[in-house]
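Hi,

Here is the structure I promised to pass on. Have a look at it first, then read my notes below.

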Amino acid sequence: MKKFLLLAVLFAAPLALLAQQEAPKDTVPNGWTRAGNISLLFNQAAFNAEWTGGGTSNYSGNLSLTYDFNYKHDKLSWNNRLIGEYGITKNKDDKYSRKTNDRLELNSILGQQVKESNWYYSLFFNFKTQFAKGYEFNSDLSPEDEGYRTETTHILSPAYIQFGPGMLWKKSDNLFVNISPATVKFILVDKDFTTVDESVPGALDAYNANKYFGVDANESSRFEFGASVSAYAKFNIMANISAENILNLYSNYLEDPQNVDVDYTFNLVMKVNKYISTNVTLQAIYDDNAVQGFQIRETLGVGLSYGF
């Protein structure tokens with residue numbers, strides 16, 4: 001919990017100083033503003049039978065969509081972002097393709113400006129899940145063997161829902177921090193993954209030693225109540241190069257509040273022209289209900305990009 005409070009203070013302290021100054025005159029018109037971007041990254045490597053250096057022919061692709069739809073009316077603002085991403089890779093000698101990315105997320109923040117400042121009373125909502133099934137692969141078995149891959153996740157299992165009131169510091173749509181000290185969180189899962197025959201000796205103990213996303217045996221949801229901080233910063237490094245930072249922190253008051261959940265994403269976009277760009281993504285997640293350690297994802301690719 002101390003780590004969570006320290007992170008919150010580090011984010012809020014410099015913003016509080018800036019907030020003492022009068023906010024610049026708002027030039028954003030009332031009404032809806034919409035903007036989206038879709039990109040397709042593709043990588044491929046091929047080797048013929050005579051290639052002596054070793055290697056396996058493979059291909060991979062990643063499709064991503066972001067769509068912002070924001071509303072403003074005088075001192076009222078409502079920011080929404082929909083994110084969809086899906087990526088796969090396929091090696092020539094592997095029977096199955098494997099996911100490299102799978103994400104479906106909706107973020108929404110409603111704010112009412114406090115006087116003529118950068119602070120807002122806020123209410124936020126976040127929904128997060130995935131599109132397709134996820135598998136664990138047993139490297140000790142052949143792809144033809146039963147049990148080579150085991151389904152571990154699918155759409156809405158898990159699904160995360162968070163919402164709560166708080167305070168929003170907002171310089172612009174590209175720079176803001178939201179602090180919610182009273183956040184409700186639900187983790188929803190398919191009961192098939194949590195079903196345990198309690199009549200079998202040791203079955204319940206075995207499940208409790210490694211709960212499915214923290215959900216109790218024979219249940220389909222988990223309730224948490226805690227505090228959250230979300231921050232967003234996007235800026236241009238130089239012409240045609242932009243960097244986007246997304247940080248989400250969460251501490252559960254009801255259980256192990258010192259174990260702060262962290263979800264950080266860094267996106268670097270280097271545009272070649274209107275339709276071609278190079279994208280670098282780094283994501284780091286810590287959630288002790290999912291796995292004991294950091295989950296790291298990194299992608300680099302050149303592909304097509306279209307803004308609308």
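This is a predicted model: local features need pLDDT of at least 70, side-chain atom pairs count only at pLDDT 80 or more; totals for chains, interfaces and linings use all residues.

The average pLDDT for the protein is 89, and 91% of the residues score at least 70. Be careful with residues 1–23, though: pLDDT stays under 50 there. For that stretch the model has 31 contacts beyond four places in sequence.

Back to the charged pairs. As a general point, side chains of opposite charge can pair when their charged atoms come close. In this model the count comes to 16 salt bridges. Here are some to find on your screen:

- Asp94 and Arg98 meet through their side chains at 3.1 Å, N to O. Asp94 counts as buried because its relative accessibility is 10%, under the 20% cut-off. Arg98, at 32%, counts as partly exposed.
- Lys99 and Asp102 form a salt bridge at 2.7 Å, N to O. Lys99 has a relative accessible area of 30%, so it is partly exposed, while Asp102 has 16% and is therefore buried.
- Glu85, Arg103, Glu105 and Arg297 are linked in a network of salt bridges.

Now for the nonpolar residues on the inside. Which residues make up the largest nonpolar core? There are 10 of them: Tyr160, Ile187, Val189, Val196, Ala203, Tyr207, Tyr212, Phe213, Val215 and Ala217. If you click on Ala203 and leave aside its neighbours within four places in sequence, you'll find it in contact with Val196 and Asp197. There is also a second, separate core of 7 residues, including Phe124, Leu168, Phe176 and Ile246.

The surface has a nonpolar story too. A patch of about 930 Å² is made by Ile38, Leu40, Leu63, Val272, Tyr275, Ile276, Val302, Leu304, Tyr306 and Phe308. Two strands, β1 (31–45) and β14 (294–307), each supply at least two residues of this patch. The largest share, 3 residues, comes from β14.

You can find Val272 in the loop between β12 (261–271) and β13 (276–286).

One last stop, while you have β14 in view: Thr299 belongs to that strand. What does Thr299 touch, not counting residues up to four places away in sequence? Its contacts are Asn279, Val280 and Thr281. Ile155, on the other hand, is 144 residues from Thr299 in sequence, and the two are 22 Å apart in space, C-alpha to C-alpha.

Definitions and conventions: Residues are numbered from 1 along each chain as its sequence is written. Side-chain values use heavy atoms; hydrogens and water are left out. pLDDT is the predictor's confidence in each residue, from 0 to 100. Contact means heavy atoms within 4.5 Å. Patches are made of residues with over 30% relative accessible area and no salt bridge: like charges are joined within 9 Å, nonpolar side chains (Val, Leu, Ile, Met, Phe, Trp, Tyr) within 5 Å. Accessible areas come from the Shrake-Rupley method with a 1.4 Å probe; for residues, only the protein chains shown count as cover. A salt bridge is a side-chain nitrogen of Lys or Arg within 4 Å of a carboxyl oxygen of Asp or Glu. Helices (H or I, at least four residues) and strands (E, at least two) are DSSP runs, numbered from the N terminus. Buried means under 20% relative accessible area, exposed over 50%, partly exposed in between (1.4 Å probe, protein chains only). A nonpolar core is a set of buried Ala, Val, Leu, Ile, Met, Phe, Trp, Tyr and Cys residues joined through side-chain atoms within 4.5 Å.
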